[in-house]
Amino acid sequence: AGIERLYKPQREGAQADPVADLQDRRMGQARAGQLAMGAQPMEKNGRILDKRIGWALVILRGLFAMTYVASVSAGYLALFLLFPTALAGAVVSRVKFRFSDYPFVWPFLAYAGWGLVASLCGNGVATSLYHWRSDFIFITCWLLCLTFRLKPESRRWAILAYSAGMAFLAVSGIVQFVLIHWYPQANQWMVNSSIGVIHRFALLQDHGLRVHGPVNTMTYAEVMGLAGLVMIGLWPGRFWIGAALSAICLSALLASASRGAALGMAVGMLVLAATMVRRRWQSIWRAVLPLGAACGILLISPSVWGRLKTTFNPEQNMDRLVMWRVGLNLLRDHPLTGIGISQTRAAWPVYFHKEWKQYFPYQDIWSDVHNLYLQQAAERGLPGLVILLIVAGSMTWWCARTWRRRPPGPWKEFHAGIFAAIVGFWVMNITESAFQDVEVVMTVYFLLALAWTAEDTVEDTQAVK
């Protein structure tokens with residue numbers, strides 16, 4: 001009503017009420033600002049969100065965005081507290097729940113539904129059902145969308161928290177890189193330290209010269225790759241901040257010497273460069289500059305460059321080829337419903353030939369085949385693989401369509417960064433199973449929630465702006 005009276009011309013001869021006009025104008029301006037930041041129009045019986053709930057949403061969402069990779073426990077704690085807080089905010093604001101307000105509802109539900117079928121029809125039903133609950137991590141994406149809808153103007157704090165968390169992880173990996181190459185005694189002291197925090201940030205010897213921060217090497221590389229791709233667009237109007245953060249994250253990725261993550265990053269960079277070329281040729285340097293700065297790692301460490309060069313060499317990747325063969329054999333014997341969720345490790349000895357042990361000097365029993373698509377097909381059957389491809393296609397198509405529909409400007413770069421990160425994520429899964437990695441998939445859901453609730457995705461707000 002305030003917006004309507006603010007912008008509707010007053011009828012001739014109508015009695016003016018200065019007090020009512022001032023109140024309507026203030027309410028209209030405040031609501032117009034909320035709409036411009038992406039808020040949905042409030043219902044007639046809606047209420048203003050309580051300030052305490054609003055600030056609780058800001059703090060908990062920031063805590064989640066900053067810590068869920070470095071400490072999964074802290075991330076889960078933030079989600080555990082965020083869920084009832086968001087529900088309380090929805091009740092107070094009388095938000096109506098609609099499927100259209102949340103991304104990819106039917107693909108996600110189909111994925112979880114077929115996961116239940118595969119768990120009941122496969123081996124080890126109890127174990128499969130226990131691991132089936134991880135299918136519902138996608139609720140994180142819906143929860144974040146709800147919190148962004150309740151407190152849309154706080155999205156900037158979530159972006160700041162995410163950027164700070166990724167920068168901290170990237171710097172921790174680069175410090176490991178410096179210590180292992182120039183100060184190995186200091187790194188050995190950290191490894192032998194009895195203080196848990198210091199030991200956790202040491203570069204462990206079983207990782208070789210590959211940095212990993214406080215987490216697993218693969219997880220670290222994939223998270224850094226996604227952050228490096230999205231940072232350029234995540235800071236619209238502040239290119240140099242985004243470029244610096246992107247360069248740091250991509251440097252950490254290359255220092256980890258993870259070939260699958262590097263491949264996904266390379267494809268994502270091509271997508272990002274292509275989106276910028278469509279605007280104008282002169283803007284392609286925005287994608288090339290951070291990548292060029294990160295490639296300095298290759299000049300410093302010959303071991304990193306030597307490992308990355310073996311990406312497409314079959315003779316030096318026989319372990320991956322053997323894993324893929326095991327996945328194909330599992331799919332051949334269980335084509336419909338698969339062997340069951342998380343049953344690969346139990347079935348591995350049956351499908352692993354003795355002559356293959358020469359390619360696995362340290363470990364010959366694995367819980368995954370290092371290819372998400374083969375892994376899903378082996379554990380969920382061909383229908384499960386089809387549903388996964390539908391989920392991947394839905395995410396990629398929506399990101400591409402949203403980017404194409406945006407007018408030229410900073411927010412077009414924002415959606416281009418999200419688009420590149422999603423494409424890079426699915427490419428990474430050719431040699432990894434990142435969709436089953438909590439830290440990595442939560443990064444994807446966080447970025448999707450940011451894109452889904454972005455300021456320019458709400459229709460009919462241009463006139464209000």
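The dialogue below takes up ring pairs, charges over rings, salt bridges and backbone angles in turn.

Modeller: Please keep in mind that this is a predicted model.

Colleague: How many aromatic pairs does the structure hold?

Modeller: The structure holds 23 aromatic pairs. One of them joins Phe 138 and Trp 142, with 5.0 Å from centre to centre and 65 degrees between the planes. Planes over 60 degrees apart count as edge-to-face, and this pair is therefore edge-to-face.

Colleague: Are Phe 138 and Trp 142 buried or exposed?

Modeller: Buried means under 20% relative accessible area. Phe 138 has 1% relative accessibility and so counts as buried. Trp 142 is buried as well, with a relative accessible area of 19%.

Colleague: How is the pair of Phe 425 and Phe 435 to be read?

Modeller: The ring centres of Phe 425 and Phe 435 are 6.4 Å apart and their planes stand at 55 degrees, so this pair is tilted. Phe 425 belongs to helix 20 (residues 410-428), whereas Phe 435 is in the loop between helix 20 and helix 21 (438-452), so the pair ties together parts that are ten residues apart in sequence. Phe 425 counts as buried at 1% relative accessibility, and Phe 435 counts as buried at 9%.

Colleague: Which residues do ring pairs link into a cluster?

Modeller: The cluster consists of Phe 104, Phe 108, Trp 132, Phe 136, Phe 138, Trp 142, Trp 398, Tyr 445 and Trp 452. Phe 138 and Trp 142, the edge-to-face pair discussed above, are among them.

Colleague: Where do Arg 320 and Glu 432 lie?

Modeller: Their side chains meet in a salt bridge of 3.5 Å, N to O. Arg 320 is in helix 17 (residues 318-333) and Glu 432 in the loop between helix 20 and helix 21, so the pair ties together parts that are 112 residues apart in sequence. Both Arg 320 and Glu 432 are buried.

Colleague: What of Asp 333 and Arg 332?

Modeller: Asp 333 forms a salt bridge with Arg 332, with 3.3 Å between the closest N and O atoms. Asp 333 counts as partly exposed at 40% relative accessibility, while Arg 332 is exposed, with a relative accessible area of 57%.

Colleague: Finally, which backbone angle deserves a look at Ala 257?

Modeller: Ala 257 is not a glycine, although its phi is positive, about 55 degrees. Ala 257 lies in the loop between helix 12 (239-256) and helix 13 (259-279) and is buried, with a relative accessible area of 3%. Ser 342 also has a positive phi, near 60 degrees. Ser 342 is found in the loop between helix 17 and helix 18 (344-351) and is partly exposed, with a relative accessible area of 32%.

Definitions and conventions
Residues numbered from 1 in each chain as written. Predicted model: local features only at pLDDT ≥ 70, side-chain atom pairs only at ≥ 80, totals over all residues. Heavy atoms only, no water. Phe/Tyr/Trp six-rings, centres within 6.5 Å; stacked < 30°, edge-to-face > 60°. Buried < 20%, exposed > 50% of the residue type's maximum accessible area, 1.4 Å probe, protein only. Helix = DSSP H or I, 4+ residues; strand = E, 2+ residues; numbered from the N terminus. Salt bridge = Lys/Arg side-chain N within 4 Å of Asp/Glu carboxyl O.
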